[in-house]
Every structure is written in structure tokens, then in C-alpha cells.
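Dear colleague,

I am passing a structure on to you, and my notes on what turned up in it follow below. Please read them with the coordinates open.

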Amino acid sequence: DRFYALITDRLQGGDGQTILLTTHHVSEAERLPGRIAVLHRGSLRGCGTAGELRKDGDLGTAILRLCR
């Protein structure tokens, strides 16, 4: 959809832009390139690409593990 295409185009432009997108939906976070920060109760619990956070399982499970 157009929203994600616009964000992806901006991030891949290589001009050092940062876009902050907040979501409660793992599927939305996985759709975008770049790094994902996991915040839980105001604390940074993890940061990396979806693949780095996921490691051996799905991203949703990884996020739950980080928020314990």
C-alpha cells in the first residue's frame, strides 16, 4: 500500500533520514526496512532489524521474550 511504499522509498534514499513509526502490530514493523526498537514500560528492551530480533523464532515471540 502507498503508505509503506512512501516510507520504504524515503528510508532507502540513503540521505540519513530517520522515521519514527509507532505500532502495536508486529506485522507492520516487519514490513519496513531498517531497525526496530522495542520499548516496554518506558525502557528500551531491544533494538535491531526484524531478523536480528527474531533470531530463531518469529518476531512476536521475540518481542514477548524481551518484555518479560
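**Pro 33 and its surroundings**

Pro 33 touches Thr 8, Leu 11 and Gln 12, when residues up to four places away in sequence are left out of the count. Please bear in mind throughout that this is a predicted model. Pro 33 itself sits in the loop between H2 and E1, and with a relative accessible area of 32% Pro 33 is partly exposed. Asp 9 is 24 residues away from Pro 33 in sequence, while the C-alpha to C-alpha distance between Pro 33 and Asp 9 is 9.8 Å.

**Helix H1**

Which residues of H1 are buried? They are Tyr 4, Ile 7 and Thr 8, and because these buried residues fall within an arc of 100° when seen down the axis of H1, they line one face of the helix. The buried residues of H1 pack against H2, whereas the face of H1 turned away from its buried side carries the exposed residues Arg 2 and Asp 9.

**The largest pocket**

The largest pocket holds about 840 Å³ of space. There are 22 residues lining the largest pocket, and those closest to its centre are Leu 21, Thr 22, Thr 23, Ile 36 and Ala 37. Helix H1 (2–11), helix H2 (26–31) and strand E1 (36–40) each contribute at least two residues to the lining of the largest pocket, and E1 gives the most, with four residues. Sorted by class, this lining is made up of 15 nonpolar, six polar and one charged residues.

**Cysteines**

How many disulfides does a search of the whole structure find? The search finds zero disulfides. Cys 47 is in no disulfide, and the nearest cysteine sulfur, that of Cys 67, is 13 Å away. As for accessibility, Cys 47 is partly exposed, with a relative accessible area of 39%.

With best regards

Conventions. Residues are numbered from 1 along each chain as its sequence is written. This is a predicted model: local features need pLDDT of at least 70, side-chain atom pairs count only at pLDDT 80 or more; totals for chains, interfaces and linings use all residues. Side-chain values use heavy atoms; hydrogens and water are left out. On a 1 Å grid over the protein atoms alone, a cavity is a set of points where a 1.4 Å probe fits but cannot get out, and a pocket is an open set with protein on both sides within 12 Å along at least five of seven lines; lining residues have an atom within 4 Å of a point. Grid points are joined across faces, edges and corners, and a volume is the space filled by probe spheres set on the points. Ala, Val, Leu, Ile, Met, Phe, Trp, Tyr, Cys and Pro count as nonpolar, Asp, Glu, Lys and Arg as charged, and the others, Gly among them, as polar. Buried means under 20% relative accessible area, exposed over 50%, partly exposed in between (1.4 Å probe, protein chains only). Contact means heavy atoms within 4.5 Å. The arc is that of the directions from the helix axis to the C-beta atoms. A disulfide is a pair of cysteine sulfur atoms within 2.5 Å.
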